[in-house]
Amino acid sequence: MEKQSGSQDNELLTEIAVAYYQDEITQEEIAKKFGISRIKVGRLLKRAKEEGIVEINVRYHPVFSTRLEQQLLERFPIKRALIALDHPDEEEQRRQVAALVSNHLAVTLKDGTVVAVGQGRNVSGVADHVGNVTERHCKFICGIGGTHRPGDAINADHISRRLAKKFGGSSETLYAPAYVENRALKQAFMQNGTIKETLDRARKADIALVGIGDMNENSYMVKLGWFTPQEIFDASLNQGVIGDIAGYDFFNAQGQHIDTVMHDRVIGVSIEELRNIPCVIAIASENTKALAILGALRTGAIDIIATSASNIRTILNMTQ
């Protein structure tokens with residue numbers, strides 16, 4: 001079959017998607033109808049989802065998700081739990097959690113709302129979610145500086161700009177690096193009026209979107225060069241660190257802050273400052289992060305947790 005282009009390509013994707021998802025025709029039947037292989041049909045259906053032609057919203061039965069959420073609310077001082085359907089594919093799991101956060105923002109954002117934006121793949125997923133939203137005259141402000149990787153889609157500034165475009169608002173950049181080599185250099189940056197004013201506005205935000213990290217040797221911070229795998233291992237084994245909020249504020253299983261080699265070297269909104277923001281939404285989709293989520297919940301800085309059902313069940317089992 002010759003490769004389609006432009007609108008013809010979209011028409012083919014749409015036609016196949018309608019046949020499969022709406023008309024409930026099997027992939028085998030679609031393959032015969034269009035004269036293509038069964039594997040090709042699967043690939044086209046995947047593309048249809050990636051390009052936003054197909055949007056799948058899968059939810060637990062309300063009674064089930066409400067029960068899980070209620071049990072969590074009984075044990076931790078949070079306002080909501082946004083619980084996504086479990087999925088074996090990590091990317092799809094991230095998309096489903098991001099969809100819940102995106103839909104929550106679509107309902108709660110109002111004209112004039114200010115949102116402090118963190119970094120990472122889970123926060124980025126919220127900006128990437130394709131869905132119908134009502135434009136709001138709201139403002140998105142970077143809650144952490146930038147990284148040295150040009151064009152990084154999970155940089156806070158890139159995420160903030162995409163959220164602003166998605167919701168029809170504006171974006172404010174924090175003109176500072178996220179990570180500096182020592183405390184003295186951070187203090188020097190903090191003397192800059194532009195940096196200070198942006199951070200002051202971020203600290204007064206109505207909502208904060210942040211990720212929860214775990215002590216993984218393949219973490220975002222290792223890839224950025226902030227930590228070496230050995231430093232991650234040492235912090236976990238010797239200091240009892242199990243995770244971080246917003247990319248650098250580290251804590252143990254009791255939710256207590258732990259000083260690491262990263263302490264006071266990141267330019268951004270701290271966990272203490274997050275506590276003063278009315279609604280902090282923390283996002284962690286990966287099924288390896290249950291313990292990190294537990295520690296994050298115990299910090300008292302989170303108002304809404306967005307994660308998978310399996311993570312919620314694991315946390316509930318750990319706190320019986």
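Helices α5 and α6 cross in a right-handed sense, a crossing being right-handed if the near helix is turned clockwise from the far one by less than a right angle, and left-handed if anticlockwise. This is a predicted model, in which local features need pLDDT of at least 70 and side-chain atom pairs count only at pLDDT 80 or more, while totals for chains, interfaces and linings use all residues. Residues are numbered from 1 along each chain as its sequence is written, and side-chain values use heavy atoms, with hydrogens and water left out.

**Overall content**
- The protein has 14 helices and 9 strands, taken as DSSP runs numbered from the N terminus (H or I over at least four residues for helices, E over at least two for strands).
- Of the 320 residues in the protein, 51% are buried, a class defined by a relative accessible area under 20%, with exposed meaning over 50% and partly exposed in between (1.4 Å probe, protein chains only).
- Among contacts (heavy atoms within 4.5 Å) with a separation of 6 or more, 71% join residues 24 or more positions apart.

**Packing of α5 with α6**
- The axes of α5 (residues 90–108) and α6 lie 8 Å apart at an angle of about 60 degrees, where axes are lines fitted to C-alpha atoms, for helices over the stretch in contact, and angles run from 0 to 180 degrees between N-to-C directions.
- The two helices α5 and α6 are therefore oblique to each other, given that angles under 35 degrees count as roughly parallel, over 145 as roughly antiparallel, 65 to 115 as roughly perpendicular and the rest as oblique.
- On α5 the contact is made by E90, R94, A98, V101, S102 and L105, and on α6 by R121, N122, G125 and V126.
- This contact of α5 with α6 comprises 4 nonpolar, 3 polar and 3 charged residues (Ala, Val, Leu, Ile, Met, Phe, Trp, Tyr, Cys and Pro count as nonpolar, Asp, Glu, Lys and Arg as charged, and the others, Gly among them, as polar).

**Packing of α6 with α7**
- Helix α6 (residues 121–128) also meets helix α7 (residues 156–167), their axes coming within 8 Å and crossing at roughly 25 degrees, which makes α6 roughly parallel to α7.
- The crossing of α6 with α7 is left-handed, and its contact involves V123, S124, V126, A127 and D128 of α6 together with I159, R162, L163 and K166 of α7.
- By class, the residues of the contact of α6 with α7 are 5 nonpolar, 1 polar and 3 charged.

**Aromatic pairs**
- The whole structure contains 2 aromatic pairs, meaning rings of Phe, Tyr and Trp (its six-membered ring) with centres within 6.5 Å, called stacked with planes under 30 degrees apart, edge-to-face over 60 and tilted for the rest.
- The rings of Y20 and Y21 have centres 4.9 Å apart and planes at 85 degrees, so this pair is edge-to-face.
- Y20 is partly exposed at a relative accessible area of 29%, and Y21 is partly exposed at 33%.
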